[in-house]
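Work through the exercises below with the model open. Each task is followed by its solution.

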Amino acid sequence: MHNGQPWRFRFRPETTTLEVRAVPQGTLRVTDPADRGMHISVGAAVFNLRVAVRHLDREPVVRLLPHPAEPDLLAAVRLAGPSRTFADDRPDLYAAMWRRHSSRLPFSDHPVPAAVLTELAEAARTEGAELDLPDESEAHRLLEVTAEAERRNTTDPRRSAESRHAIQGAADDPYGIPAAALGPQDAHGRPSVRDFSAIRPAEHLPPASFEAHPRITLLSTARDEPADWLRAGQALQHVLLLATARGQQASLLHQAMEWPDLRWSLRDPRHGPGHPQMLIRLGYGPQGAATPRRPVADVLEGGPDDPA
């Protein structure tokens, strides 16, 4: 969340295993008190790691929460023998990994092809999650719930402070979101992307016209435990990378997930008692700006450049 990068890796050469450990996001104690968002973020990093391992023609064997006595150890990824997945059988997610950025800018009104949406839903399902494709009426309802969450966030002093804290200050700061990656608000008042400036008009970008009928998808899981959040993160990243490979842009609408009553109201009872994890806005539009990452030496222990 907010480019907090709450992950660290440790390589265990004796077992050819990469441990993925969590670094709690102390700046999101109000927004993410249960660390659900942190787990989703780490899950997305685990999926990227899986993609990279397969790119190197190794098979990633993943265990989630492998040692209950070490609560910060969220996953272990063992580099097994040659990959059993052939490159011709899947899109190039490794290449997409370098191009994917959240785009908080307006998209065109050109619809996302049904075949692409079906493929994205299947990708989420392979990771143990569901990607619902709501119709226009249900999408409008989901956006109204998001708008209510946005109103609450911008008028809650503690939450608005956390939101403003996410805006990157120094140019060499590896954390946070640079101003170039922020988005404008919709000129017609329709709910769209998060307003990180949180009712500070001097920092607002000029309003812009967003798509009239946003393509909204809802990612959910059957249960709502830490392992499910990690699966949701892997499903989220699989969907985002596949969407990128298929020429789509995406932005994440997480506001309603941060309020228990609003998160619960996102459920569609017709689809069963799932637990919403993320709203994803998809479409054709400009690529979002990149956000910075910490150097490898700061996030990897036991690598070739680590004297330990």
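**Exercise 1: a serine and its partners**

A polar contact of 2.9 Å links the side chains of Ser-251 and Arg-281. The term covers a pair of N or O atoms within 3.5 Å; within protein, one must be able to donate a hydrogen and the other to accept it, and residues adjacent in sequence count only if both atoms are side-chain atoms. This is a predicted model: local features need pLDDT of at least 70, side-chain atom pairs count only at pLDDT 80 or more, and totals for chains, interfaces and linings use all residues. Residues are numbered from 1 along each chain as its sequence is written, and side-chain values use heavy atoms, with hydrogens and water left out.

Task: Is Ser-251 buried or exposed?

Solution. 
- Apply the cut-offs: buried is under 20% relative accessible area, exposed over 50%, partly exposed in between (1.4 Å probe, protein chains only).
- Ser-251 has 1% relative accessibility, so it counts as buried.

**Exercise 2: a charge over a ring**

Task: Over which ring does the charged end of Arg-281 sit?

Solution. 
- Apply the test: NZ of Lys or CZ of Arg within 6 Å of the ring centre and within 35 degrees of the ring normal.
- The ring is that of Phe-107, with the charged end 3.7 Å from its centre.
- Arg-152 lies over the face of Trp-259, 5.1 Å from the ring centre.
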